Amino acid sequence: MFLDNLSEEQKNLFIDLAVIAMEANGSVDDSETALLEKYCREMAIKYRDKVQNNDCDKILERLRAISDDATLKKITIEIITLLYIDNNLADEEDELLNKIQEKFQFSTHLMGELIFVTKHLMLSMSFAQGIICRY
């Protein structure tokens, strides 16, 4: 939804972060894979489900260095969506969100808002999909 304006470097870092997020709880759900494919299409890049850099701290630090706050919020919303797409937030995924909050220097209030808004966007999209399929 928010990824089409990322630079090439941001796109690659985002995909690495997304793959790390997908694998954080030790299993990858089909809905997570489908969303990663959608992200790649949105960014007009080739699909990949392997990381080029598996150092999450370095990925987050580099994203912070090359991105403005609005872009970091957009990236965070998309990662939150990926983590919640299977309707289950594992402890490892929650730890990742805490790390993102710390590295991106988001306040607890802002991170709470991003999670709240993202979950409501997901619910609204689910309702809209139900209406579309029903009528």
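Which helices do the buried residues of helix 1 pack against? In this predicted model, the partners are helix 2, helix 3 (56-66), helix 4 (69-84) and helix 5 (91-103).

**Helix 1**

Helix 1 has 16 residues. From its first C-alpha to its last, helix 1 reaches 23 Å, close to the 22 Å expected at 1.5 Å a residue. Twelve of its 16 residues are buried, so helix 1 is mostly covered, with buried meaning under 20% relative accessible area. You can look for them in the structure: Gln 10, Lys 11, Leu 13, Phe 14, Ile 15, Asp 16, Leu 17, Ala 18, Val 19, Ile 20, Ala 21 and Met 22.

**Aromatic pairs**

A pair of aromatic rings is described by the distance of the centres and the angle of the planes. How many aromatic pairs does the structure hold? There are two aromatic pairs, and here they are with their values.

| Pair | Centre to centre | Angle between planes | Arrangement |
|---|---|---|---|
| Phe 14 and Tyr 39 | 5.3 Å | 75° | edge-to-face |
| Phe 104 and Phe 106 | 5.7 Å | 75° | edge-to-face |

Why are these pairs called edge-to-face? The label applies because planes over 60 degrees apart count as edge-to-face, and the planes of Phe 104 and Phe 106 are at 75°. The planes of Phe 14 and Tyr 39 are also 75° apart.

Phe 14 lies in helix 1 (residues 8-23) and Tyr 39 in helix 2 (residues 30-43), so their pair ties together parts that are 25 residues apart in sequence. Phe 14 counts as buried because its relative accessibility is 0%. Tyr 39, at 1% relative accessibility, counts as buried too. In the other pair, both Phe 104 and Phe 106 are buried.

**Cysteines without a disulfide**

A disulfide is a covalent bond between the sulfur atoms of two cysteines. How many disulfides does the count come to? The count is zero. To see why, take the cut-off first: the two sulfur atoms of a disulfide have to lie within 2.5 Å. For the sulfur of Cys 40, the closest cysteine sulfur is in Cys 56, and because that is 18 Å away, it is too far for a bond.

Are these two cysteines buried or exposed? Cys 40 counts as buried, with 1% relative accessibility. Cys 56 is also buried, with a relative accessible area of 10%.

Terms used
Residues numbered from 1 in each chain as written. Predicted model: local features only at pLDDT ≥ 70, side-chain atom pairs only at ≥ 80, totals over all residues. Heavy atoms only, no water. Phe/Tyr/Trp six-rings, centres within 6.5 Å; stacked < 30°, edge-to-face > 60°. Helix = DSSP H or I, 4+ residues; strand = E, 2+ residues; numbered from the N terminus. Buried < 20%, exposed > 50% of the residue type's maximum accessible area, 1.4 Å probe, protein only. Expected span 1.5 Å × (residues − 1). Contact = heavy atoms within 4.5 Å.
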